[in-house]
Amino acid sequence: MSDVDKVIAAVSEERLWQRVLTMAAFGGTAKGGVNRQAASAEDAAAQNQLMAWGAARGFASFRDEIGNLFIRRDGEDATAAPIVIGSHLDSQPTGGKFDGAYGVLAAFEVLEAIADAGIATQRPIEVVSWTNEEGSRFTPGAMGSGVFAGSYRLDTTLETKDRSGLKLGDELAQVAVRAPAPFRAMADMRPAAYLEAHIEQGPLLEAAGIPIGIVGGIQGIRRFSVDLTGEEAHAGTTPRRLRKDALVAAIDAITTLNREADAVGEALRFTVGTFAVSPSSPNTVPGAVRFSIDLRHPDDATLSAFDQTIGATVEAVARAHGCPGRVERISRVLPTTFDPRVIALLRESAALLQYQYLELMSGAGHDAMHLAKICPAAMVFIPCLKGISHNEGESATAGDVVAGARVLAVATTRLTAR
Ligand SMILES: [Zn+2]
């Protein structure tokens, strides 16, 4: 029996599923969801549980400057860069059992399966739980992985405050007291490669009846704020042809942009999610409208082209309706492309296991987008019920949960030998 076959046989659906349920009790809600926000007492308790499972197997734990937690199984070559696998244990305030925790527990199952199979890997393997992926208590999200990969500064990130004025640095110090782990400076560990398993948070895998998604990358995001300024006027006395109705102009702009977005194709995600009319009075012609645009696509050039379409459309509409327009770009996040060799390895791993897989792009951000800047990285998705996440009703089947862990196990075993 090959090492890979031994590891596949050692991955336990029962053990992994029980761990998912056990972990969900930390911050568990009455509706069956999870409220385990970053650097909270519940987050610390979850980390303690993970470390306890690790200690029972003789794995070491470490925590770095930003609170990222690592569980390590040594390799034959103790000085070699480790293969790092994991995700995050923090959740949204009304989150579910799987977003984040699944990736950490699938990674831990891989570590245990390799230990159970009695395999001495060449490289060390480390399971990671990144600090504050969700970004709901402290913003932005993916802070732990962002600082680790050099995308964000450590000092300013530790100063971030939550809504009640508590500082991330102080809250992480509390976590270190509640869930003590030896300190290891992040500069002392550079991954050889990074793998992350996650629920899809979208409907494609479930709809296709396919258990595994191999993620090619994470789409880029641009956010805009659009203002159209008309003229407030009496609804009864002002003839329509003399009006400068900002709402009519805004509807024209949004309708045109939706049509333009459809013409680009399904991969372009164009959303107007907020819309404010002023003065919002039933008998006054609207004098001003502000709306948001959230624009996503895997290719930055496509985003740039549509960025120009937005500008041109708002300008044309403004002229036609006599309502000056202004488009402000609030943020721009570049798309992530995962490593082709790691993607190829995931394809081989799924094929070896005889799992059908779908190649897709991630619509949501993940810790892997930061890791991809410093080492070869890729992600595995599993289906979740109706694609629902950031919701207490989040659900996945035990069969899909273990399928994702097996793909991760095969790929990790192969990576440690390279
Ligand atoms: Zn997540």
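Student: Which residue stands opposite Met379 in β16?
Tutor: Val215 does. The model is predicted: local features need pLDDT of at least 70, side-chain atom pairs count only at pLDDT 80 or more, and totals for chains, interfaces and linings use all residues. Numbering starts from 1 along each chain as its sequence is written.

Student: Why are strand β6 (residues 212-218) and β16 called paired?
Tutor: Pairing requires at least two bridges found by DSSP between two strands. Three bridges join β6 to β16, so they pair. The two run antiparallel. Strands here are DSSP runs of E, at least two residues; helices are runs of H or I, at least four; numbering goes from the N terminus.

Student: What makes β5 a partner of β16 (residues 377-382)?
Tutor: Six bridges join them, and they run parallel. Leu195 stands opposite Ala378. Ile199 stands opposite Ile382.

Student: Which strand joins β5 through three bridges, running parallel?
Tutor: That is β3 (residues 83-87). Ile83 stands opposite Ala193 in β5.

Student: Why is Ala372 called buried?
Tutor: Buried means 20 or more other C-beta atoms within 10 Å of the residue's own, exposed means 12 or fewer, and partly exposed lies in between; C-beta atoms are placed from the backbone. Ala372 has 23 C-beta neighbours inside 10 Å, so it counts as buried. Ala372 sits in the loop between α12 (368-371) and β16.

Student: What is Ala372 in contact with, leaving aside neighbours within four places in sequence?
Tutor: Contact means C-beta atoms, placed from the backbone, within 7 Å. By that test Ala372 touches Thr336, Phe338 and Ala377. Thr336 is 36 residues away in sequence, with 7.5 Å between the C-alpha atoms.

Student: Why is β16 described as largely enclosed?
Tutor: Six of its six residues are buried, so the rest of the structure largely encloses β16. Side chains in a regular strand alternate between the two faces of the sheet. In β16, Ala377, Met379 and Phe381 are buried on one side, and Ala378, Val380 and Ile382 on the other.

Student: Why is 22 Å the expected span for α3 (residues 41-56)?
Tutor: The expected span is 1.5 Å times one less than the number of residues. Helix α3 has 16 residues. Its reach, first C-alpha to last, is 23 Å, close to the expected 22 Å.

Technical notes
Contact = placed C-beta atoms within 7 Å.
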